[in-house]
Amino acid sequence: EKKYIETMEDVEELVEQLTSTENPPTLDEAEKIFIDLKVSFPNEFKEFSLGDLAPGIIAPLITASMKEWNPLEQPTKHVIVIKKWSELLDYSKTTSTTVFEPYPALVWSTVIPCFRRAAADWNPKNHSQMAALLDAWSALLPEWMLDNVLDQIVLSKLTQAVAEWDPLTDIVPIHTWIIPWSNILGSKMHGNVYKSICNKLSKAFLSWHPSDRSALAMIKPWKGVFMDEELSIFLYKNVVPKLEYRMGEIIFNPLQQDLEIFNQVNEWHELLSPLVMSSILDKY
């Protein structure tokens, strides 16, 4: 009993150092105290859930250290610090399922607000900045938290950028900054993002003429990104009728046939099915 009381007094002394308001520890000092508690008193650390102290005591210290952090410019900064706490608080990516656990609570109150501030300054046309940030931190974020970041920060920002995009005036091809997110966001892109792009491209194609070859370069990157049915409907509605009309404009001259119109139409064979392409060429 005496030994147990001495042990508890030692634990209490460390906890008092950790929670002191008169002489609050620095982040480094708090880390050393936590390590001492966990290594020297593993049973008590677990029995009394001392890890639960981290969100209330450590989070404000980490938040203060991140005050001047620009995640887009310095994506890997603070990774080492959070990684240390992930080990101290026994973080497991698969078992950390709620924000009420010590480590998720710590990250949610320190790192995620920085992500949200960064998103306000992020230009989606520079996808590499956000991609580098997520790459640096994804292993340290519980799966549900990473999904939240992708949904509420990345996807939300992409949706807004696509809403502001004008295919007729924007000089940065949209596929260069949207398609890189396809593997990460997957089916989430088929809702607002791809649908909005299709609608805007459809309006842009109202005034399109097959002699403008830039249209093919604009659509080709979406093959394999848009669902096959979605791309087929778009082409059948916006491209096929104009190709058929264009074929009807060919002037047949066996002596010196001008194949320019034919070539303008035939270039679309990469996107159109053989059956549809054959139907168009039959106009010749």
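Asp-10 lies in helix 1, which spans residues 2-19; helices here are DSSP runs of H or I with at least four residues, numbered from the N terminus. The model is predicted, so that local features need pLDDT of at least 70 and side-chain atom pairs count only at pLDDT 80 or more, while totals for chains, interfaces and linings use all residues. Residues are numbered from 1 along each chain as its sequence is written, and side-chain values use heavy atoms, with hydrogens and water left out.

Asp-10 is partly exposed, at 37% relative accessibility (buried means under 20% relative accessible area, exposed over 50%, and partly exposed in between, with a 1.4 Å probe and protein chains only). Together with Glu-6, Glu-9, Glu-12, Glu-13 and Glu-16, Asp-10 forms a negative surface patch. Such patches are made of residues with over 30% relative accessible area and no salt bridge, like charges being joined within 9 Å and nonpolar side chains (Val, Leu, Ile, Met, Phe, Trp, Tyr) within 5 Å. A salt bridge is a side-chain nitrogen of Lys or Arg within 4 Å of a carboxyl oxygen of Asp or Glu.

Most residues other than glycine have a negative phi. Ser-49, however, has a positive phi of about 50°. Ser-49 is placed in the loop between helix 3 (42-47) and helix 4 (53-65) and is partly exposed, with a relative accessible area of 36%. Asp-90 also has a positive phi, near 55°. This residue, Asp-90, belongs to the loop between helix 5 (79-88) and helix 6 (102-121), and its relative accessible area of 55% makes Asp-90 exposed.

How values were computed
Areas by Shrake-Rupley, 256 points an atom, 1.4 Å probe, with all protein chains shown as cover. Lys, Arg positive; Asp, Glu negative; His and termini not counted. Charge placed at Lys NZ, Arg CZ, Asp CG, Glu CD. Helix = DSSP H or I, 4+ residues; strand = E, 2+ residues; numbered from the N terminus.
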